[in-house]
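Biologist: Please take me through this structure one feature at a time, giving the general idea before the particular case.

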Amino acid sequence: MATVDLVMPKMGESIMEATILKWHKQPGDPVKMDETVLEIATDKVDSEVPSTYSGIMEEVLYRVNDVVPVGSVIARIRTSAQESNNSPSFHTPSPSSSPEPAYTPVHEIKSEFTPKNDTRSSMNGNRFYSPLVLNIAASEGVSMSELEKIPGTGNEGRVTKKDILQYVAGRKSGDQRPQSAERTADLRPQTANRSSSERNEDMEIRSYNVPTTYTGNVEIIELDRMRKLIAKHMVESKHTSAHVTSFAEADVTHMVMWREKVKKEFEKREGDKITFTPLFIEAIVKCIKKYPWLNSSLDGDRLIVKRDINIGMATALPTGNLIVPVIKNADQLNLVGLTKQVNSLANAARSGKLRPDDTQGGTFTLTNVGSFGSIMGTPIINQPQVAILAVGAIKKRPVVIESEQGDSIAIRYMMYLSMSYDHRIIDGALGATFLTAVAKELENFDGSRDI
């Protein structure tokens with residue numbers, strides 16, 4: 001018999017760590033090749049990790065809710081010597097008795113906590129801080145100077161999640177020493193220079209952590225992990241981008257009639273139902289090619305215009321949560337290809353089969369608020385993108401039709417479009433021009449086109 005290592009798999013180009021949600025196998029349990037061993041979560045999607053070996057689970061190295069870097073050994077499986085010789089093995093030292101795993105330095109993992117007075121936020125000399133610890137510090141207002149003074153009980157004196165939570169709890173109860181004069185001095189100029197809107201938004205973010213007393217007949221429901229992440233991302237987006245929303249109206253009669261005419265033949269031929277979503281994406285892609293700044297992101301004082309057009313489509317899950325799978329290189333797909341990608345990703349999202357990489361790399365997002373009956377909406381930008389377009393419900397309405405013979409009133413299929421965009425980059429003229437271009441693209445849909 002031999003022992004082989006099971007490692008945290010790489011799940012996407014930008015994903016450097018994952019949280020363990022559930023172990024399906026415990027020490028002593030038999031494990032088959034490709035059988036699910038555990039469930040993990042990134043900041044976007046949950047996934048299952050299959051076994052790369054057959055044998056007996058010998059050791060589990062991390063606990064539920066631990067945040068584990070990609071490539072780390074997470075379990076060991078006892079298998080036959082012959083099989084282990086034919087399988088790759090990753091030999092790394094066993095973790096110490098401390099429950100806190102060793103983390104990759106922050107210059108290799110993007111952290112959300114970057115104090116202004118220290119660009120190397122995760123290290124002081126040789127001391128490193130995990131992204132989890134840094135995120136807790138950021139949300140609780142713990143400065144880097146305070147963080148450096150917290151005694152660490154982890155490996156090599158690292159500050160663990162337990163350490164910082166104990167420090168925060170003690171500070172709130174008054175057990176910790178008052179903040180140093182250096183800390184107070186650091187805060188004064190930063191607070192004085194911040195606008196009232198920035199201070200209000202900061203209070204909005206911190207309000208999630210303020211305990212509240214409720215009276216009367218209430219039901220308290222603990223938010224699940226995904227809803228907490230959505231809330232966090234939405235607040236961060238409003239805090240990051242100057243949101244402006246423009247609206248347009250489109251007569252989509254030709255498009256509706258064409259889809260009604262071809263949908264049965266399309267499903268029979270392709271084995272997939274054609275919805276309006278690929279038609280919307282097709283129009284968006286054409287307009288992005290004309291106005292490429294809508295397919296960009298902001299990096300400090302630099303505008304990064306993306307040459308790849310990767311369209312995210314907001315998808316509602318059975319749990320009521322929302323996820324945004326991404327159609328990569330949407331400009332290189334015809335209508336059939338777009339339809340198959342839309343259906344495949346939507347089905348995978350609703351059945352919990354999305355891969356972490358399926359939600360990465362989006363450059364522009366479409367959300368269909370009309371699928372639930374809403375006629376329009378004001379969507380929040382999916383960072384680090386600069387725009388998101390919402391399409392409302394398609395409704396029959398009487399409208400005025402202009403022609404050479406004069407005006408007339410007709411019943412038409414009408415739809416509102418709304419687009420929120422980052423006013424730091426996209427001015428009203430460009431935003432409205434792009435949105436109008438999308439509306440015109442839908443209105444001028446060729447009702448005689450082949451499928």
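Biologist: Does Thr253 count as buried or exposed?

Modeller: The general idea is a set of cut-offs on relative accessible area: buried means under 20%, exposed means over 50%, and partly exposed lies in between, with a 1.4 Å probe and protein chains only. Thr253 counts as buried because its relative accessibility is 9%. Please keep in mind that this is a predicted model, in which local features need pLDDT of at least 70 and side-chain atom pairs count only at pLDDT 80 or more, whereas totals for chains, interfaces and linings use all residues. Residues are numbered from 1 along each chain as its sequence is written, and side-chain values use heavy atoms, with hydrogens and water left out.

Biologist: In which helix does Thr253 lie, and which side chain does a polar contact join to that of Thr253?

Modeller: Helices here are DSSP runs of H or I with at least four residues, strands are runs of E with at least two, and both are numbered from the N terminus; Thr253 lies in helix α8. A polar contact is a pair of N or O atoms within 3.5 Å; within protein, one atom must be able to donate a hydrogen and the other to accept it, and residues adjacent in sequence count only if both atoms are side-chain atoms. In this case the side chains of Thr253 and Asp251 are joined by such a contact, at 2.6 Å. Contact in the plain sense means heavy atoms within 4.5 Å, and once neighbours within four places in sequence are set aside, Thr253 touches Arg412 and Tyr413.

Biologist: Asp251 makes me curious about Glu443; which backbone nitrogen does the side chain of Glu443 reach?

Modeller: The side chain of Glu443 reaches the backbone nitrogen of Asp251, at 2.8 Å. Glu443 itself sits in helix α11, which covers residues 428-443, and its relative accessible area of 22% makes it partly exposed. Apart from its neighbours within four places in sequence, Glu443 is in contact with Glu249, Ala250, Asp251 and His254; between Glu443 and His254, the C-alpha to C-alpha distance is 7.1 Å, although 189 residues separate them in sequence.

Biologist: How should I read charged pairs, and how many salt bridges does a search of the whole structure find?

Modeller: Side chains of opposite charge can pair when their charged atoms come close. The working test for a salt bridge is a side-chain nitrogen of Lys or Arg within 4 Å of a carboxyl oxygen of Asp or Glu, and the search of the whole structure returns 20 of them. One of these joins Glu260 and Lys263, with an N to O distance of 3.3 Å. These two residues are about one helical turn apart, because they are three residues apart in helix α8, residues 253-270. Both ends are partly exposed, Glu260 at 48% and Lys263 at 26%.

Biologist: Which salt bridge links distant parts of the chain?

Modeller: Asp272 and Lys340 form a salt bridge at 3.2 Å, N to O, and this pair is 68 residues apart, with Asp272 in the loop between α8 and α9 (277-290) and Lys340 in helix α10, residues 335-350. Lys340 is partly exposed, at 31%. Another pair, Asp358 and Arg355, meets at 2.9 Å; here Asp358 is buried at 11%, whereas Arg355 is exposed at 55%. Separately, salt bridges with shared partners connect Arg269, Glu270, Asp272 and Lys340 into one network.

Biologist: Which side chain of opposite charge is nearest to Arg259?

Modeller: For charge, Lys and Arg count as positive and Asp and Glu as negative, while His and the chain ends are not counted. Arg259, in helix α8, is buried yet has no salt bridge, and the nearest side chain of opposite charge is that of Glu260, 4.6 Å away. The side chain of Arg259 does reach the backbone oxygen of Ile274, at 2.9 Å. Its contacts beyond four places in sequence are Ile274, Thr275 and Phe276.

Biologist: What is the order of strands in the open sheet of four?

Modeller: Two strands pair if DSSP finds at least two bridges between them, and the order in this open sheet is β5-β4-β2-β7, with antiparallel pairing. Strands β5 (46-50) and β7 (67-69) are at the edges, each pairing on one side only. Within the sheet, β2 (residues 17-23) and β4 (residues 36-41) are joined by four bridges, and Ile20 has Ile40 as its bridge partner in β4.
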